[in-house]
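Student: I am new to this structure, and I would like to go through it slowly. Could we begin by looking at it together?

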Amino acid sequence: MSQINGVVASRGGGRRSRSDLRLALVMIAPAVLGLVVFLIWPTLYGIALSFTDFNLLTSPKGVGIRNYLRMLEDPMFWNAAWVTIYYVVVNIGIQTVLALIIAVLMHRLTQSTVIRSLVLTPYLVSNVVAALVFFWILDTQLGLGNQILVSLGLERIPFLASDATVIPTIALINVWRHVGYTALLIFAGLQTIPESAYEAARVDGASEWQMFWRITIPLLRPILALVLIMTIIGSFQVFDTVAVTTAGGPVNSSRVLQYYIYDMAFGRFQFGYAAALSVGLLLILVVITVLQYRLTRAGETDLN
């Protein structure tokens, strides 16, 4: 009798397992469909398009690797690549340091929900709106920023009209918008560090500065690595701030890769070459992400 009950139970469990599997497949089907339609298929189609000459007026014509050879010999591509790297270095350097400071201050001094909401507020403003507001504020002649400089007896600064200041200015605009979000990600990582580690350090006479470098930073390393990977990928894809404020100028000094790709595709209708540039950007991001992941040991933790 027990054997019969066991067989019935196993069959019931098998039916239940298959039913759960079907339910799970139904639940994830919309997400999988969206992933295939809006990410995987466009990526594969873009890679295929990169081997063609296509301008919307004629059907795509295969050209082999000609677009990639052109990309390697294109001085505008290399200029856009260096401009983008310059932007990423300035943006990530300032944003990460400020976000870390804000996160540590919130963690050590206050964990108020109101403070966290205020810190996140700039992130709720769209990139286009933030770019337009700062474009008006930093206008050389009529902007409030330069009016304040003049009232202080200082020279006007062409923040977005000079090749020396345009990239740092764009970077700082995006730092203002994203630093709160980055700080909250780091703050969440700080929450995982046990308070007992700090209490033991205080007993040993460690200062706040020593605890920061010997406890906070080492134990926060996986979260910092993840944050850096996310922010660097996002920074390489900067577009809307440039499009709204400078359109790549002055004299291509802010023509980042995304804007150059957009210009090739929708300004000059060279969709095949634009697709090759997009694949090139994808490869750059893959290499940077893999190197970052390995060098920072993002998959490991010092917490035991």
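Tutor: We can begin with the second largest pocket, to whose lining α3 (75-109), α7 (166-190), α9 (208-236) and α10 (240-245) each supply at least two residues. Helices here are DSSP runs of H or I with at least four residues, strands are runs of E with at least two, and both are numbered from the N terminus. This is a predicted model, in which local features need pLDDT of at least 70 and side-chain atom pairs count only at pLDDT 80 or more, while totals for chains, interfaces and linings use all residues. Residues are numbered from 1 along each chain as its sequence is written, and side-chain values use heavy atoms, with hydrogens and water left out.

Student: Which element gives the largest share of the lining of the second largest pocket?

Tutor: A pocket is an open set of points on a 1 Å grid over the protein atoms alone, where a 1.4 Å probe fits, with protein on both sides within 12 Å along at least five of seven lines, and lining residues have an atom within 4 Å of a point. The largest share of this lining amounts to 5 residues, and they come from α7.

Student: What is the volume of the largest pocket?

Tutor: Grid points are joined across faces, edges and corners, and a volume is the space filled by probe spheres set on the points. Counted in this way, the largest pocket has a volume of about 500 Å³.

Student: Which element supplies the largest share of the lining of the largest pocket?

Tutor: The elements that give two or more residues to this lining are α1 (2-49), α11 (257-267) and α12 (271-296). The largest share, 9 residues, is that of α12.

Student: Where does α9 bend?

Tutor: With an expected span of 1.5 Å times one less than its number of residues, a straight helix of 29 residues would span 42 Å, yet α9 spans only 35 Å between its end C-alpha atoms. The bend at a residue is the angle between axes fitted to the seven residues ending there and the seven starting there. In α9 a proline, P222, follows within four residues of the bend, which is about 60° and lies at R221.

Student: Why is the pair of F54 and F271 called tilted?

Tutor: Rings of Phe, Tyr and Trp (its six-membered ring) pair if their centres lie within 6.5 Å, and planes under 30 degrees apart count as stacked, over 60 as edge-to-face and the rest as tilted. The ring centres of F54 and F271 are 5.9 Å apart, and the pair is tilted because the planes stand at 45°.
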